[in-house]
Amino acid sequence: FAAPKIPGETRVLLLVGDFIWSLRERSVGMIARIMFKQFGAPDWLNGVIVVSIPTAIGMLLGPVISYRSDRYRSRWGRRIPFLLITTPIVVAGMIGMAFSPMIGQWLGEHVFGVGNSILLTLAVFWVIFEFGAIAGNAIFSALINDVVPHEFLGRFYGLFRIMSLAAGIIFNYWFLGKCEEHYMWLFIGLGVIYGVGFMLMCLKVKEGDYPPPPMPKEGEVGFIPAVKTYFRESYSNPYYLLLFLFFMSANFAFAAINTYCIFYSKQLNVSLDTYGKFIAYSYMISFVVAYFLGWLADRFHPLRCGLVTMAIYGVSMLWCGYIIANEFTFGIAVVVHCVVSGAYFTLAASLPLRLYPRSRFAQFASAGGLIASVGSMVVVPLMGAFVNWHGDYRWLFYLNAILSFVTVAIGLVVYKDESFPGEHEAI
C-alpha cells in the first residue's frame, strides 16, 4: 500500500483542519466538565458522563465506521465522505449544550419537574456531540495516515502538535476563565468555527487513488460475517493484542490529572483564569520544542522516544505530588504534567501509524480503541471515586505515576518483541 501523492496545499489544509479539530478537543470537554460540576454533578458522575458514556459509544460506533471506511471507495475518497457526515452532528451537539440550561429549565418547569433536568439535557447533547466527534476522530487520523509519507510522520505530527498547542494557548489563556459565565457564547462560537472550517477542509482536500478493497470471501458478506472478520483480523495476532494493551495503558497514565485536576484547583482556591494560564504557559513551552520532538521521533523511532519520556513523566509526577502545598507549587505541578505528557504525545503520535497495518489502519486503530474503551469506562470513574473517598487530590499525581511505570513495563515488552509483521518498520 502506497500513500497517494498529494500537493503541498492539501497538507496545509490538513494542518488548518487539525487546528480547528484541536480547538474543539482542547475546549469542549473542559467546558462540559465545568458545566456538569456547576450544575451539581459529583466527580464520579462527571467521569461517567464525560468519559465512560463516550467510551461506550466508541465501543459500538468506532469499529463499524473504521471497518467500513477502510473498505469504502468513492470519487471523494474513502475518508472525506465520513467526515462530511459527522461534522454537522458535532456542531449540533455543541449548539445544544450552549442552550442546555435554558432547555433544561423549561423542561423542568413544564414536563419533568425541575430536579436534574438541566443535567439530563446537557448529558443528552453531550452524547450527540461525542457521537459525531468519536466517528470523526477515527476517520481524521486515518486520513493523515493515508496522505502523509511515513518517513515524515514524526515531523508532520510535530507540526500538528504546534497547531494543537496554539489552539490550547488561545483557549486556556483567554477563555477558560470565562467558562462558568459565558459557556453559551463559547459553545456557539466553537460550533460555528468547527462547522465552517472543517466543512471547507473536507471540500478542498482531495484524496488520492487507493487500491481496490479486499474482496470478501465466500460467506463473509453481510453484517454478521463482517463482524466476525473484524474480530478475527484484529484480535487473532498476539503482537497486536500487546500493542492494544500498551496504548490503553499510555492513555490511563494521563487520565487522572487530565480529567479531575481542574477540581483540585478549586480545592486550593485557584481561580479558573489562573488555572487556564498555567496550562497556557506549559503549552507555550511545548510549542517551542514540538517540531524538534517530531524530528527526534523520525530519527530514533517514536517507541524508543516515548518509553524514555514516559519514565521521566512517572518520576516527575511522584515529585509533583510531593511538593504541592499552595497555588505556586500547584502551578509548577500543572506545568510539569502538561509539558512532559505533551512531549510524550508529540513523540509517540506517529507510533500507531508506524505499527498498525497501513491498508487497514482505521480498523486496527478502532480495535485498539475498543480495548481501551472497556478499561476507561471502569478506570476513570474509579479514579474520581477514589479521590473523592480519600479527600486528597494530590493522589491524582500518584495514580498517574503508577500507571506510567506500568506503561513503561508493557512498552519494553513491545520493544523486545521480535514478531513484528513484515509490513511494519523494524525498530
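Predicted model: local features only at pLDDT ≥ 70, side-chain atom pairs only at ≥ 80, totals over all residues.
User: Let's start with Thr259. Which helix is Thr259 in?
Analyst: Thr259 sits in helix H9, which covers residues 238-267.

User: And is Thr259 buried or exposed?
Analyst: Buried: its relative accessible area is 8%, and the cut-off for buried is under 20%.

User: What does the side chain of Thr259 reach?
Analyst: That side chain gets to the backbone oxygen of Ala255, at 2.8 Å. Leaving out residues up to four places away in sequence, Thr259 also touches Arg33, Val51 and Val380.

User: OK, switching to Gln363. Where is Gln363?
Analyst: Gln363 is in helix H14, residues 361-390. Gln363 is buried too, with a relative accessible area of 0%.

User: Which side chains does the side chain of Gln363 make a polar contact with?
Analyst: One is the side chain of Arg71, at 3.1 Å. Another is the side chain of Ser234, with a polar contact of 3.1 Å.

User: What else does Gln363 touch?
Analyst: Not counting residues up to four places away in sequence, its contacts include Ser66, Tyr67, Asp70, Tyr230 and Glu233.

User: Last one, Trp44. Which helix is that in?
Analyst: Trp44 belongs to helix H2, residues 43-70.

User: Which residues is Trp44 in contact with?
Analyst: Setting aside neighbours within four places in sequence, Trp44 is in contact with Pro381 and Asn388.

User: And how many Å apart are Trp44 and Val408 in space?
Analyst: They are 28 Å apart, C-alpha to C-alpha, and 364 residues apart in sequence.

Note on methods:
Residues numbered from 1 in each chain as written. Heavy atoms only, no water. Helix = DSSP H or I, 4+ residues; strand = E, 2+ residues; numbered from the N terminus. Buried < 20%, exposed > 50% of the residue type's maximum accessible area, 1.4 Å probe, protein only. Polar contact = N/O pair within 3.5 Å; in protein donor to acceptor, adjacent residues only side chain to side chain. Contact = heavy atoms within 4.5 Å.
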